[in-house]
Amino acid sequence: MIDLKVTEIKMGEEHVGKWGMVIDQDMCTGCQACVAACAMENNITFVGEKDSGYGRSMHWIRIERFWQGEYPEIKMTPNQPMMCQQCGSATCEPVCPAFATVHSQAEQLNLQVYNRCVGTRYCANNCPYQVRSFNWRDYKRPEPLANQFNPDVTVRRRGVMEKCTFCIQRIHKAEDKAKSEGREVVDGEFTTACAQACPATAITFGRVDDPESLVSQLARRHGHGVKHLEELGTLPNVTYFKGG
Amino acid sequence: MTGYNKKEEKAPAGVHHHESHGEEHLREQHLMLDPLPRGQMNEMVMESMHETSWKFWVVFAILSVIVAYGLFFSWGKMIAEGLGIAGVNRPSYWGIFLVNTVFWIGISHAGTFISAILRVFRAEFRRPFTRAAELMTTFGLVQAGFSIFMHMGRVWLFYWLLPYPNERMLWPNLHSPLSWDLIAITTYLLSSTMYLFLPLIPDLAMARDRSTGWRKTFYKVLALGFRGTEGEWAHLRNAMNIFAWAIIPVMFSVHTIVSWDFAAATRPGWNSSIFGPYFVIGALHSGMGAVIMVLAVVRGTMKNMKYFIRPEHFDAIGKLMLLISMGWAYFFFNDYMVQWYGGDKWTHQLLHFHEEGPMGWMWLSMLVFNIVIPWAVLWNRKWRSTPWIVFIVGLLINVGMWFERYIIIPVSLSINRMPFTWRLYHPGIEIPLGIGTLAFFILLYMAASRLIPLVPVWEVQEGQMAHELKKFGRETVVSVSELE
């Protein structure tokens, strides 16, 4: 026998990250509450109607809707919330010439270092999920939203890339609190803004490396989850369910 | 080395008369066989630099206004307001800025190709226009630099891409093709500038000896005290030889690395292993077109240039253009064919979008301008020796190659694996900025034509000394001796 020494290629299901999400598309009503909550939580700016219509909306999460067939005989597909998949092997990371897009070893997340970003936008081109948003201008927030800022999150200026962080400020807050109380973070102790706002509980967030956590249980129970574009070897950490 | 071997075409009626006529014909056709006294030739080149018509200044003033508005004012505005005033969006995060970067680097390729490759292969027809081509390399790279810096969201922090020592020990990411790009383009700019400068030294010394006033000082500083001794020539020849050889791999690597910006990405249509040579041949295609345009303009507008640049040169470059056009067609077909045959659904979608989408007209005219027109025109010696015809062909090739880059960048970016984000790109302030770089290129070239000898006089004189017409019986034979 010839030993070919084939390196095993990990696909999404075998890869275990740290934080992950399970999204049940059958539950999603497309109400956009997660989009609004994410914008409030993460100080996402308002780009206005015109820029938004030109593909410059900056939402870190979006609800994708598709239909099949020609009007009026159209069939809607389930709503598909799409945000950064926090890939284990992210294509956005190696292409940044300034190390502004880096991988967190501690949290197993893709970080965007806003104040290191010089705005080459290569990461956004190379993201197969197209979930990165660029600050095309210094947008003004309409009143009274200008008075609403989350003090735990920085605001970004023009020329900088940004994206979903899995609400890393909440992760850190929970970890700090648990550490000061001398314990581990309990599953369900905190969640991301989108999951918290979802009235249909279509989004669940938690530890994917803990088999007893809710996300792991849901993933097992449905058993037919899909990770988007995992054939590219990106090792995404978000699992989608639909049709059952 | 063999030269021309022109036989008598008709049976001679009066042998002596006809042979002298044949010689005259040869002289008229070939610069190398039509020597002038060195002093006179030097004066002709000096004249072409000094005698400036009012039309020059009118064009110069118009271009200056375009540069001031299109390049500097518009760029300043974009820096102040953000990239929102450009047309880039999601998913076309890269737009005309990158198209222009690739385009200008492509233009810069022909300079080195003509100068270095023809020099190491000792193609005699190169002699009068090597400098005109080398200047395009340097000035084209300047525009490429402008275009890529415009593209950055926070250009005032461009130095973060350079490996400079800092207290946080932060270095550029050498995994990124953009970092490779920066290194490659900087290397190319520095080496091509040195390569431009070396053969210029004897001409600067010539100009120094024939100037007065501020020009004298200018040439004196630049000529580095060159006096033309045997030792100086030996050193200069050595240095030029090393540079001519060394710059060829640099030239190939630069455009290959530019292609890796795209080929190394995980996008349908970009992730192609043939992009390296395909981009190199594309760069040569547009670059040769640009060289021939520049030569047609120089011959038409500058004094005494009809002596130096003759139909034989357009003929020779025309042949090269035809060859490169065939090469481009070969690589294009290879790239297209393999991607289509691969059957990946996203690539299929993209190829259909190229051909049948709203920018289908651009895809089709790219093929017409880059393949059909050069093939239809350049096969004919008479047509490819006519300056205005090859000027138009060169212009169309450049438009076609710009379209090619436009299709590769914003058009291909419109389609990705997330159909929800598909959207077309409409350029905004990129248009004045792009026109600004074009005007700045022409402006730099015009300024250079007043300051440095556009014809490498010593190279022409050296070639003329090496060429000789000899008679063997009834036949006039061109013989070329090895001087170097």
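**Sheet and interface in a predicted model**

In this predicted model, chain A holds an open sheet of 3 strands in the order 10-1-11, with mixed pairing.

Q: Why is one side of strand 10 and of strand 11 of chain A left without a neighbour in the sheet?
A: Strand 10 (203–207) and strand 11 (238–241) stand at the edges, each with a single partner strand, so one side of each has no neighbour there. From one strand to the next, the twist averages 20°.

Q: What makes strand 1 and strand 10 of chain A count as paired?
A: Pairing asks for at least two bridges, and 5 bridges join strand 1 (residues 19–24) to strand 10, so the two qualify. They run antiparallel, and W19(A) stands opposite R207(A) of strand 10.

Now to the two chains.

Q: How do you know which residues of chain A and chain B are in contact?
A: Their heavy atoms must come within 4.5 Å; by that rule 49 residues of chain A are in contact with 50 residues of chain B. The buried area is about 4,100 Å², with carbon and sulfur atoms giving 53% of it. On the side of chain A, Y54(A), Y122(A) and N125(A) lose the most area, together 17% of what that side buries.

Q: What makes up the side of chain A that touches chain B?
A: Its residues divide into 24 nonpolar, 13 polar and 12 charged.

Terms used
Residues numbered from 1 in each chain as written. Chains lettered and ligands numbered in written order. Predicted model: local features only at pLDDT ≥ 70, side-chain atom pairs only at ≥ 80, totals over all residues. Heavy atoms only, no water. Helix = DSSP H or I, 4+ residues; strand = E, 2+ residues; numbered from the N terminus. Axes fitted to C-alpha atoms, helices over the stretch in contact; angles between N-to-C directions. Buried area = accessible area lost by both parts, 1.4 Å probe. Nonpolar A, V, L, I, M, F, W, Y, C, P; charged D, E, K, R; others polar.
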